[in-house]
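Here are a few friendly notes to read alongside the structure.

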Amino acid sequence: MKGGTLVREARLRAGLTQEELASRLHVSPADVERWEDGSVPPTVEDVQRAARACGLDLRVSLVPHDDHDLVLALRNLALTPEQRFDQFLDMVRFAEDMRHARRIDAGV
């Protein structure tokens with residue numbers, strides 16, 4: 001997510017206009033507008049100050065890499081359209097079986 005998007009999200013969560021946020025940060029409303037539209041990227045410090053001015057904290061964390069979704073996507077791309085459709089039908093049948101099993105368990 002880009003810095004300007006974070007500034008906009010913080011501002012909207014706080015219910016502030018660009019002018020109100022600019023006033024709290026002692027910058028011009030044009031600065032806030034340029035950050036949000038991406039024409040001038042804010043610094044990490046700007047984003048952190050904006051978040052604080054909106055009553056929020058900016059947290060960044062490093063987490064273990066997980067490429068499980070990429071592996072699944074690449075595996076699906078290796079399938080033919082027919083194989084993907086068959087796989088989809090199998091999932092639909094499984095969902096129908098699960099719904100039917102729940103009805104039996106519920107006594108319906």
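1. Let's begin with a question: in which helix is L77 found? L77 belongs to helix α5, which covers residues 68-77. Please keep in mind that this is a predicted model.

2. L77 is exposed, at 61% relative accessible area. Together with L70 and L74, L77 makes up a nonpolar patch on the surface. The accessible area of these three leucines together is about 320 Å².

3. Now to helix α1, which runs over residues 3-14 and has 12 residues. From first C-alpha to last, α1 reaches 17 Å, close to the 16 Å expected at 1.5 Å a residue. After α1 comes G15, with a positive phi near 70°.

4. Which residues of α1 are buried? They are G4, V7, A10 and R11. Viewed down the helix axis, the buried residues of α1 fall within an arc of 125°, so they line one face of the helix.

5. The buried residues of α1, in turn, pack against α2 (18-25), α3 (29-37) and α4 (44-53).

6. Is D46 buried or exposed? D46 counts as buried because its relative accessibility is 16%, and the cut-off for buried is under 20%. D46 and V7 lie 39 residues apart in sequence, yet their C-alpha atoms are 8.5 Å apart in space.

Terms used: Residues numbered from 1 in each chain as written. Predicted model: local features only at pLDDT ≥ 70, side-chain atom pairs only at ≥ 80, totals over all residues. Heavy atoms only, no water. Helix = DSSP H or I, 4+ residues; strand = E, 2+ residues; numbered from the N terminus. Expected span 1.5 Å × (residues − 1). Buried < 20%, exposed > 50% of the residue type's maximum accessible area, 1.4 Å probe, protein only. Arc of directions from axis to C-beta. Contact = heavy atoms within 4.5 Å. Patch = residues over 30% accessible without salt bridge, like charges linked within 9 Å, V, L, I, M, F, W, Y side chains within 5 Å. Areas by Shrake-Rupley, 256 points an atom, 1.4 Å probe, with all protein chains shown as cover. Salt bridge = Lys/Arg side-chain N within 4 Å of Asp/Glu carboxyl O.
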